[in-house]
Amino acid sequence: VQLQASGGGLVQAGGSLRLSCAASTRRYSFNTMGWYRQAPGKERDLVATITGRVNINYADSVKGRFTISRDNAKNSVYLQMDSLEPEDTAVYYCKAVSPWGTVWGLGTHVTVSS
């Protein structure tokens with residue numbers, strides 16, 4: 001199973017982006033899907049996760065600005081990012097967890113200019 005992330009890009013501060021991540025197959029379902037990010041020179045940190053339909057967790061730094069959602073029929077997870085700040089600049093990775101293992105997608109770059 002592979003995860004394909006898309007939607008990154010360059011945006012001005014205050015702008016919005018929507019990231020998407022889709023699994024290569026609908027054969028397997030995932031308990032938890034989420035987004036992490038890694039800024040240059042820093043460790044990879046949690047941004048948001050969603051378990052089931054409504055169990056959602058956000059990093060404090062993105063609460064009120066980012067919204068995570070999922071479409072189980074499409075085996076996909078999304079991240080709506082609003083009010084973007086230069087500090088949000090990073091490579092964003094999606095992650096999916098199932099009883100049989102964890103899968104990471106390749107990152108998508110997000111750059112927020114001031």
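**Entry 1: a charge and its rings**

Over the ring of which residue does the charged end of R44 sit, 4.7 Å from its centre? I looked it up, and the ring belongs to W104. I also found R44 over the face of Y93, at 3.6 Å from the ring centre. The rule I used asks for NZ of Lys or CZ of Arg within 6 Å of the ring centre and within 35 degrees of the ring normal.

I note what I am working with. This is a predicted model, in which local features need pLDDT of at least 70 and side-chain atom pairs count only at pLDDT 80 or more, while totals for chains, interfaces and linings use all residues. Residues are numbered from 1 along each chain as its sequence is written, and side-chain values use heavy atoms, with hydrogens and water left out.

**Entry 2**

I took strands as DSSP runs of E, at least two residues long, numbered from the N terminus. Two strands pair if DSSP finds at least two bridges between them.

I checked β4 against β5 and found them antiparallel, with 7 bridges. They form a hairpin with 5 residues between them. In the turn, G41 has a positive phi of about 80°. Q38 stands opposite R44 in β5, and this R44 is the residue that lies over the face of Y93.

Then I checked β4 against β9. They are antiparallel too, joined by 7 bridges.

How many of the 7 residues of β4 are buried? I counted 6, and β4 is mostly covered. Buried means under 20% relative accessible area, exposed means over 50%, and partly exposed is in between (1.4 Å probe, protein chains only).

I picked T32, in strand β4 (residues 32-38). It counts as buried because its relative accessibility is 19%. T32 stands opposite V97 in β9.

Which side chain makes a polar contact with the side chain of T32? It is that of T51, at 2.7 Å. A polar contact is a pair of N or O atoms within 3.5 Å; within protein, one must be able to donate a hydrogen and the other to accept it, and residues adjacent in sequence count only if both atoms are side-chain atoms.

I listed plain contacts next, meaning heavy atoms within 4.5 Å. Not counting residues up to four places away in sequence, T32 touches T49, I50, T51, R70, K95, A96 and V97.

I followed that list to T49, in strand β5 (residues 44-51). T49 is buried, at 12% relative accessibility. Beyond four places in sequence, its contacts include T32, M33, G34, Y36 and I68. I also took a distance: the C-alpha atoms of T49 and G101 are separated by 16 Å, and the two residues are 52 apart along the chain.

**Entry 2: strand β1**

In a regular strand the side chains alternate between the two faces of the sheet. I looked at β1 (residues 3-6) with this in mind. L3 and A5 make up its covered face, Q4 and S6 its uncovered one. β1 runs antiparallel to strand β3 (residues 17-23), with 4 bridges. L3 stands opposite A23 in β3.

**Entry 3: the disulfide**

I searched for cysteine sulfur atoms within 2.5 Å, the rule for a disulfide. The count came to 1. It joins C21 to C94, with S to S at 2.1 Å. The pair links distant parts of the chain: C21 is in strand β3, C94 in strand β9, 73 residues apart. The disulfide is right-handed because the torsion about the S-S bond is about 60°. C21 is buried at 2%, and C94 is buried at 0%.

**Entry 4: aromatic rings**

I searched the whole structure and found 3 aromatic pairs. Rings of Phe, Tyr and Trp (its six-membered ring) pair if their centres lie within 6.5 Å; planes under 30 degrees apart count as stacked, over 60 as edge-to-face and the rest as tilted. For F30 and W100 the centres are 6.0 Å apart and the planes are at 50°, so the pair is tilted. F30 is in the loop between β3 and β4, W100 in the loop between β9 and β10 (101-104), 70 residues apart. F30 is buried, at 6%. W100 is partly exposed, at 44%. I noted one aromatic cluster of Y28, F30 and W100.

**Entry 5: two positive phi values**

N75 has phi near 50°, positive in a residue other than glycine. N75 lies in the loop between β7 (66-71) and β8 (76-81). Is N75 buried or exposed? It is buried, with a relative accessible area of 4%.

S83 also has phi near 50°. S83 sits in the loop between β8 and β9 (90-98), and it is partly exposed, at 40%.
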